[in-house]
Amino acid sequence: MSSLIKNFAKVGGATLLSRLLGFIRDVMLAATVGTGPVADAFVVAFRLPNLFRRLFAEGAFNSAFVPLFARKLEEEGQSGARQFAGEVGAGLLSVLLLITALAQIAMPLLVMVLAPGYGSEAEKFALTTLMARITFPYLIFMSLLAFVSGILNSLERFFMAAFAPVMLNVVMICVFAIIWILGDLSDRSTGIMLAWGVAVAGVVQLLLVLVDLRQVGFSIPLKRPRFTKGVKRLLVLGVPGVLAGGITQINVTVGTIIASLQESANSYLYYADRVYQLPLGVVGIAIGVVLLPSLTRQLRAGENEAALHAQNRSMEFALALTLPAALALLIIPDAIVAVLFQRGAFSGEAVAQTAAALRAFALGLPAFVLIKMLSPGYFAREDTKTPMHFAAASMVVNVGLSLALFPLLAHVGIAVATAVAGWVNAALLGVSLWRRGHFQLDAALLRRVPLLLLASTLMGGVVYFLEGALAAYLWQGVFAVRFAALMALVLAGVASFVLFVQLSGAVDLLGHMKRMLRR
């Protein structure tokens, strides 16, 4: 268990750094372009390669590739694993190049499908199309990054794969600095520079993990694409994963299409998404990345009790960090958004609209993390079809609610639909694992979850009253004072949660600290 927590900390720490730098990046984006046409164009242009990346690479690829690669590593050693990696890498690269070539040709059509509301504004549509053409090769670099990261994670090398996304934010921060130095640029010039920043960042991220792979002493042989037995097995497992990923991306795409009908809606949703992605990234992604190879090894060794224990502690870890974060985002979203983004081109109206979306996303935050925690229970057993079916059910809920709520709640309705669909997906995954006997809540988790809920609620009360006391500092004055007030509010929330957790007995934090000091 200690190694599991250690790896959670490595991945979570690297992801936290990435998210913090991401905040700086988005603060600079908000100040530079606000929620205007360049911001809307950037959101869609950046979402296109990410849409295809998540469809063909990250979720679908890792869910199928990691268990198969781990089996090759165990049964045939590094030589067999290297052979398999070469076969898969060749096939993946050839598919990526074909998709990118077709996308470049059909880019105006893709933009029209993803953002039909932009069609009535010729300048905005043209800028979005140009930016999307520049950013789309990011798909190649990030998909290969996911491939190499899967190998590193299977070799129990987690840090560099988690650290690589930091470089996206570093490169983009440098691009914003250049834009500010150059002065008053046109919308077109600003958009082009942002797009090239994304493309360059993709190259930098891929180079980082390739260097780490070389340091491990693992090389991927260059091969021509062939339909081998290993590739066939990957397709058998991966196609349901691609379909599941496709279903998830349909949710994202439908949300983008609907939001394009409201001025600046895509920008509001983007900034709200960036805030709640901080706890989701630090906790959910860390658990998903570390738990899958860990469960795979335990189940292959017949250590079913150890696998159940790892799942229970992962859920405990997830809820202990996610419940208070979700409550904080529900209670003080306006203050968070205002301090982080309200300056330059980001107006008070943008703060109110973004905060409303953030509050809705917060309702689904625990569910989004639980999905990351529960999914490895299927993938480790080479079952990618069941999550696909559950993703399809959640898609129906998401699309239906988005269409029903948008006329009533505008962009907030899309965020509400996303949250509800997340809970549907998490519930289906959890209940199915329980029915199969692959996951059971142990006594420790059953005792601690209500106590964690109590501690989170009490913390929420502290944060609510403190926000009122600090209102003059949060909403007025220079940025340094406002940011310090927000950090004081956050730290007070963390301290009160830790205190309530200790007093309630949910977790013996003092006991853990004493044991750490002894060691």
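1. A cavity is a set of grid points where a 1.4 Å probe fits but cannot get out. In this predicted model, the count by that rule comes to 2 cavities of 30 Å³ or more. The second largest cavity holds about 40 Å³ of space.

2. The lining of the second largest cavity is formed by Q83 and E87, together with K223, R224, P225, R226 and T228. By class, these lining residues comprise 4 charged, 2 polar and 1 nonpolar.

3. Helix α13, spanning residues 333-341, packs on helix α14, spanning residues 348-374, at an angle of about 130°, and their axes lie 8 Å apart. α13 is therefore oblique to α14. The crossing of α13 past α14 is right-handed.

4. On the α13 side, the contact with α14 is made by P333, D334, V337 and A338. α14 contributes V351, A352, T354, A355, L358 and R359. The residues of this contact divide into 7 nonpolar, 2 charged and 1 polar.

5. A further helix pair is formed by α18 (residues 443-469) and α20 (residues 479-504), which pack at an angle of about 150° with their axes 8 Å apart. α18 passes α20 in a crossing that is right-handed.

6. For the contact between α18 and α20, the residues from α18 are L451, L452, A455, S456, L458, M459, V462, V463, L466 and E467. Those from α20 are L489, A492, G493, S496, F497, F500, V501 and S504. This contact comprises 13 nonpolar residues, 4 polar and 1 charged.

Conventions: Residues numbered from 1 in each chain as written. Predicted model: local features only at pLDDT ≥ 70, side-chain atom pairs only at ≥ 80, totals over all residues. Heavy atoms only, no water. Axes fitted to C-alpha atoms, helices over the stretch in contact; angles between N-to-C directions. Helix = DSSP H or I, 4+ residues; strand = E, 2+ residues; numbered from the N terminus. Parallel < 35°, antiparallel > 145°, perpendicular 65-115°, else oblique. Left-handed = near helix turned anticlockwise from the far one by under 90°. Contact = heavy atoms within 4.5 Å. Nonpolar A, V, L, I, M, F, W, Y, C, P; charged D, E, K, R; others polar. 1 Å grid on protein atoms, 1.4 Å probe; cavity = no way out; pocket = protein on both sides within 12 Å on 5 of 7 lines; lining within 4 Å. Points joined across faces, edges and corners; volume = space filled by probe spheres on them.
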